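Hello,

Here is the structure to look through. My notes on its packing follow below.

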Amino acid sequence: MSSRQTRDQVHWLTGQFCEYCKELMYRRSITSRVQFETCISLTVAALIFGMFAISDYSLLGPTQEYYLLIAMRSVVVVLCLLLVVIIRHWGGYSRRAWLHALPLWILATGIILIVPLRPDSLSTQITAVVVATMAFYLLIPNLLTVVTLASLYLSIGFLTSAVLFADITTAQALRMALLFIMANAVGFFALLRLETLQRLQFALLSEERDQNHQLLEEIAHRKSLEAQLRMIAERDALTGLNNRGHFMKLTTALLHRSQQENEPFSLFMIDVDHFKRINDTWGHSHGDWVLTKIAEACAQSLRRTDVIGRFGGEEFIVALPNTGPDDAKILAQRLKERVAALPSQEDIGALSPSVTIGIAVAHQEDVDLESLITTADQMLYVGKRDGRNRIIMS
């Protein structure tokens, strides 16, 4: 048997979960409902018990026995209504099950005390005991073990009072005992079945909630993996910029929209100067460090609408929608100055980083992205040929 099945197993005799923690969880889940139902049923039971004072008067009149009955009924009614208030505000069903049991013992005691005060109404009281027993089991919410003890107390106590004060025969006592046994048996098995079914339903709902929670966690995990895979597919692993394929995809859409809306469009090709010397002299780790720092400087120099990517090796590419030649040159100059201001690592401090930028501007509506890249690359070549650390525009 799995651990889950063991936790959800219900005891065959008490109708409670075998695992105490699971039982507490169930009681907490029904606390508010039990409080409400207990208050309603207990109020009704107290009022009915008090209303029988009318029949007491018709049978006894203003006698001492009547006043004793009135006093006893008043005490029972007041205690029950007081418990209604207490249970309504502090009747936690998970930890204070004893508080819900008190009304049963109070009502049972009141019913038992009627016998010595009104022995002549025994036949009527037998019916009341049977009704009260069924009410204990089925109407006033309580644990099966608590209800069983209270009902047995009522049956045994009433039978004892009848023998002592009503002068019944042995046969009558035996018939009463059989009747009470039958009422308790019916009530016990009815409540046992109800308690078991309610807990099994709770176990199924709990399992469904757990499965839904696991499903949500799995969905969130899958989404996280999808986001990571998307980042791997779209981002350059070293610099975190768009890789070449993703840049081409984004920029093609930007260029098409700019042409449709008749807006200017510019493109940068950026090359890190003397990058081979950095790798050959200080190693590839230093070269990677330079690339990441220049990528950060480029990203910080651009606008949110611009798109930047790593084109390959030490080359970066930038798409600038809604940007004409003058604005493109200003942005390129700002980017070049930011790169020149980058701090160097101590062991390569003599070599200041710099970049050469080639700029292409879309002058025609039918120009495509490949043509712009080719033009920008040609301008970049001119800048490198003329000494590097330059901005060349088509």
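Which residues of the largest nonpolar core touch the most other members? They are Phe 136, Leu 154, Phe 158 and Met 176, in a core of 57 residues. Helix 6 (97-117) is among the helices that each supply at least two residues of this core, and helix 6 gives the most, with twelve residues.

This is a predicted model, in which local features need pLDDT of at least 70 and side-chain atom pairs count only at pLDDT 80 or more, while totals for chains, interfaces and linings use all residues. Residues are numbered from 1 along each chain as its sequence is written, and side-chain values use heavy atoms, with hydrogens and water left out.

Terms used: a nonpolar core is a set of buried Ala, Val, Leu, Ile, Met, Phe, Trp, Tyr and Cys residues joined through side-chain atoms within 4.5 Å. Buried means under 20% relative accessible area, exposed over 50%, and partly exposed in between (1.4 Å probe, protein chains only). Helices are DSSP runs (H or I, at least four residues), numbered from the N terminus.

A second, separate core has 28 residues, including Val 290 and Leu 335.

Aromatic pairs (rings of Phe, Tyr and Trp, the last by its six-membered ring, with centres within 6.5 Å; planes under 30 degrees apart are stacked, over 60 edge-to-face, the rest tilted) come to eight. Tyr 57 and Tyr 66 are edge-to-face, 5.3 Å centre to centre with 70° between the planes. Tyr 57 is partly exposed at 46%, whereas Tyr 66 is buried at 13%. Phe 17, Tyr 26 and Phe 202 form one aromatic cluster.

Regards
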